[in-house]
Amino acid sequence: MPSFPALLPLLFLGFGAVAAMLAAPRLPRLSRVLAALALMAAAATLAARLWAPAGQSALLSDDGLARSAGMMVCLAALGSLAFLRPGGPSKEGPALILLASLGGLMLAGATHAASLFLGLELVTLALVALFVLPLTRAALEAGYKFLILGAAGAATLLMGLALAHAASGTADLQAFAGRGMMLGLATALLMAGLCFKLALVPFHMWTPDAFDGAPRAAAAFAGAASKIAVVAALVRLHTLAPPEVWAIGLGLAGGASILLGNLVALRQDGIGRMLGYSSVAHAGYVASTLASGAPMAAEAALFYIAVYAPALLAALCVTAALGPEARIADLRGLVWRRPLAGGAMALALISLAGLPVSAGFFGKYIVFTALIEGGAWTLLAMAIAGSALGAYYYLRFVALIFRRAPDPAAPFLPAADRLLLLLASAATAVLGLRPDLLLDPLRRLLP
Amino acid sequence: MGYDMELTALILLPFFGGIAALFAGRFGRDAERWVSIAALALALVILILAFLTPGDGRWIAFERFDWAPSLGMQVILAMDGLSGALLVVSLALGIVSVIVSWKITEHSGLLNAALLWTVAASNGVFLSFDLLVFAFFWELMLVPAFLLISVWGHGDREAAALKFLVFNAVAGLGLLAAVFYLGASGEVVTFDAFEVAERDIPHGVQVLLLLGFAAAFLVKLPVPPLHAWLPDAHTQAPTAGSILLAGLLLKTGAYGLFRFPPMLFPEGFATLAPWGMVLGAFGSIYGALLACGQTDAKRLVAYTSVAHMSIVLMGICGGVYFSLMGAGVEMVAHAFSASALFLLIGALYDRTGTRDLRELGGLQQSAPRFAAAFAVFFSAALAMPGTANFLGEALVITGMFQVNWIFASITLISLVVSVVYATRLFKRVVFGKARRSGVVEDLTAREMGPIVLLAIATLLFGMLPQLLMGALEGAVTAALAPVAGP
């Protein structure tokens, strides 16, 4: 039986969403504060119960994986909250972010077809609303792509769940543990549905638009928080599914994402589009880690996505401050105009490139090591090639940040953005020096 | 022996000194420079004290503690004569580079921080025997050096900096992959080089892993055809940046080659060493010939670095006592002489606004101290007897004759060519009429300090070879036969 404290985080987010929604029309600021408080409360409850004995209900599991991933989802969602401007068009934004986080938490704990589907759809639908809310052309385009592809992904997932149910007679996700033609097909379809949210090739088409024209809060959530939740779901499933289907499907999608994401990102001059394609590549590293079948794959995948999230949030935050459709030239001399924004952006890009002192260096370490341990040599070669490409295009942007040509126009950074940049940079730098602070708990919490 | 932290301090002092320098500018004029010098000088004192305390035979000092045990990451710092000599080079050149950039006021906090971080990271490279930590510092070096070129450089500095960074970061991936493989392939995850050295790695795997290591080291060294980043990076970098690039970063490549391949992959190294010698022989001639054709003085010195480091590569791959000893001596000697030449050319550029050999000249009339300094370091560049460079190259050639007379003869030819480019440079800059450059103000006291220091080092090690050779003895013997951990 699930205990009441185990449900508390979900209750915080659910009631928080209602409260934020009620406050939104009259008191948008209060709505933001409520949402932040709800997320913090949820994260704190999860943190407090991190080491409590695991529990299990018919729909949700309350174990180390669900708690740690849920906590990271809440923190990343808090980061996305900073992207909402108080006077912006999306008054309902805070409530939507809470709903999406609620979906994320369900996804991280899902042990049943119903909860998995519910969690996934909650994230998708809340994000669709968040995407289209400004009702601009770019926002509608991004939201539309997200919706259509999301619906296709959801349909695929449902088909997979239905097949698994038909083959095994149960809707419990344990059903995937068996073998056979039907279950193999079911797993492949399920995987495809989840790959959509990770933006793996060939389900990546929504990402560049999401990162470029769309509201940044939606992009931040779709890029960081929702990916953490999906990785958690994949981690839970990857011990159940037949390994060969898993290795082939995720391996192909992961390898293709690494190559395509990096190759296309190489040619982007728009910062948002570059980050979008690079996020495809980073999802590819995570997927190949899970495909490798290494014993450490689970912790490696979660660690990687966890160190990716703060770097992405910081980079997106600076991009947002530079204005819509920011291009590489807008970064020129940023560090001299706004030391905090420039420094945080440089650190974030260095982390994405995987150079020390940044968490990304150890992210690269853990992914390469998992691929070596699993003997996935082709994927390792792809990951090395991808990192080589990444080194070039990220550093191209870093080079401009330090260019000695001060431009008088300094972007405006509200207090929430400054706080986000500080916290994200601190997380990136600290994990760049002491990766074990995150890796040790993950190792002990994961099954 | 108590819980010593002296080696850790050699890395942390410059690192935190750099952070302090970043903010010191607010507390007074030139405060960031004095902070930097103080941090480096203090580290130098600690280093000298470490030399004076008795070690345990093979190592002058040894430290080991956990960093991130769950990743198999330990801090294993060990200093023998080779690391020690290179640390002296690193700290001394750090001080020199701070003094040399005294007049640069633009973002000088970050400038001094970048100088100190470069020193800190290369100290980490010279000391680490945990391969993951080694790789960490190896990659870390790139970032501050990149900033040095990109922010305070000349001309097309951003492109040069990016080229430097991308070449080295991409090559570093080979090292990373090999190191990660070594870590993951043991029974327990460990990157302890001493433990890895005792493993029985199959020959084919050794060759592959060594290729990964070599990619990073040979690009950093650099040896043609992997040198494409170097001429631009050296030329566009500010003087302090060129000093650290030539004096320090190139040496990390040589150090890595010297230390790890013979220790970790003895059989694989034996297989690949002849190819290394071929590359070295080619590079020594190629670099020297290209140096002859340059008109930009800085570019010329950059190509001489290619030639000299190729000779170092040949010495290391030669694998006999004399060639290894020569490579070690040449590493230290070249660090002093090349950085001194960059310093002099930088000073000349500050005064005349040109580095073009066709426009310079007549230094011996207007600036005798300048001319004398040039004379000392030109003779070092062409390996005149009496300089440490002569000692190094003579030893390499002696050793190479034991290995293969063809490679030895090629090195000799490269030495002959070095006479050509050095005399050409000397003649153009020091003698003749002052062409466009006009009357040049002589070296100031602040410039003379570092020059005298570097000249003393060059001549001292040349005249009293046993000083340096005695220190290198342990490392050379270890490179001959695989090391056992203490």
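Chain B and chain A bury about 3200 Å² between them in this predicted model. Carbon and sulfur atoms give 77% of that area. The contact takes in 36 residues of chain B and 33 residues of chain A. On the chain B side, B:Leu71, B:Leu173 and B:Phe180 lose the most area to chain A. Together these three account for 18% of what that side buries.

One salt bridge is found across the interface of the two chains. A:Arg403 pairs with B:Glu158 in a salt bridge, with the closest N and O atoms 2.9 Å apart.

Turn now to the largest pocket. About 1400 Å³ of space lies in it. The lining of this pocket has 34 residues, and those closest to the centre are A:Gly343, B:Leu22, B:Phe23, B:Leu110 and B:Trp117. The most is given by α14(A), with seven residues. By type, the lining of the largest pocket holds 28 nonpolar residues, five polar and one charged.

The second largest pocket has a volume of about 980 Å³. Its lining has 34 residues, and nearest the centre lie A:Leu75, A:Ala76, A:Leu78, A:Gly79 and A:Leu423. In chain A, α2 (28-48), α3 (64-81), α12 (297-321), α17 and α18 (436-445) each give two or more residues to this lining. Here the count is 30 nonpolar, two polar and two charged. Where does this pocket sit relative to domain 1 and domain 2 of chain A? Domain 1 (1-156 + 211-238) and domain 2 (242-447) both give residues to the lining, so the second largest pocket lies between them.

Chain B is also divided in two. Its domain 1 covers 1-264 and its domain 2 covers 267-473. The C-alpha centres of these two domains lie 22 Å apart. Each domain brings 44 residues to the contact. The two domains of chain B bury about 3700 Å² between them, 78% of it on carbon and sulfur atoms. In domain 1 of chain B, the residues that lose the most area to domain 2 are B:Pro224, B:Thr235 and B:Phe258, together 15% of what that side buries. One salt bridge is found across this interface. B:Asp232 forms a salt bridge with B:Arg299, and the closest N and O atoms are 3.3 Å apart.

Terms used
Residues numbered from 1 in each chain as written. Chains lettered and ligands numbered in written order. Predicted model: local features only at pLDDT ≥ 70, side-chain atom pairs only at ≥ 80, totals over all residues. Heavy atoms only, no water. 1 Å grid on protein atoms, 1.4 Å probe; cavity = no way out; pocket = protein on both sides within 12 Å on 5 of 7 lines; lining within 4 Å. Points joined across faces, edges and corners; volume = space filled by probe spheres on them. Helix = DSSP H or I, 4+ residues; strand = E, 2+ residues; numbered from the N terminus. Nonpolar A, V, L, I, M, F, W, Y, C, P; charged D, E, K, R; others polar. Domains from an automatic or database assignment. Contact = heavy atoms within 4.5 Å. Buried area = accessible area lost by both parts, 1.4 Å probe. Salt bridge = Lys/Arg side-chain N within 4 Å of Asp/Glu carboxyl O.
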